[in-house]
Amino acid sequence: MEPSVERRCHVLIGSSLVLLTIGIGYCVVVGTCLADFLVVIAGLFLGWVGLFYCVGNSSIWGT
């Protein structure tokens, strides 16, 4: 995998984990989940985009 692609993969997956941690953690600590629903959805969306991007650009496809 190219270094620039690898860096983008790390940024996408890392930001997804940060958003999910903030959204779910705030929901557990404070108890209000309505406002953090969008943060969790954004984290899940970034996670799936990062997963597909990283798998699509990995070296297992022979390119």
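Of the 63 residues in the protein chain, 21% count as buried, where buried means under 20% relative accessible area, exposed over 50% and partly exposed in between (1.4 Å probe, protein chains only). This is a predicted model, in which local features need pLDDT of at least 70, side-chain atom pairs count only at pLDDT 80 or more, and totals for chains, interfaces and linings use all residues. Residues are numbered from 1 along each chain as its sequence is written, and side-chain values use heavy atoms, leaving out hydrogens and water.

Visitor: How many helices and strands are there in the protein chain?
Guide: Let's start with the rule: helices (H or I, at least four residues) and strands (E, at least two) are DSSP runs, numbered from the N terminus. The protein chain has zero strands, and its helices number two.

Visitor: Which residue does the disulfide join to Cys-9?
Guide: A disulfide is a pair of cysteine sulfur atoms within 2.5 Å. Here the S to S distance is 2.2 Å, and the partner of Cys-9 is Cys-54.

Visitor: How many residues apart in sequence are the parts that the pair ties together?
Guide: Cys-9 sits in helix α1 (residues 3-30) and Cys-54 in helix α2 (residues 37-56). The pair therefore ties together parts whose separation in sequence is 45 residues.

Visitor: Is Cys-54 buried or exposed?
Guide: Cys-9 is buried. The answer for Cys-54 is likewise buried.

Visitor: What radius of gyration does the protein chain have?
Guide: The value is taken over C-alpha atoms, and the globule rule is 2.2 Å times the number of residues to the power 0.38. A compact globule of 63 residues would come near 11 Å, but the protein chain has 14 Å.
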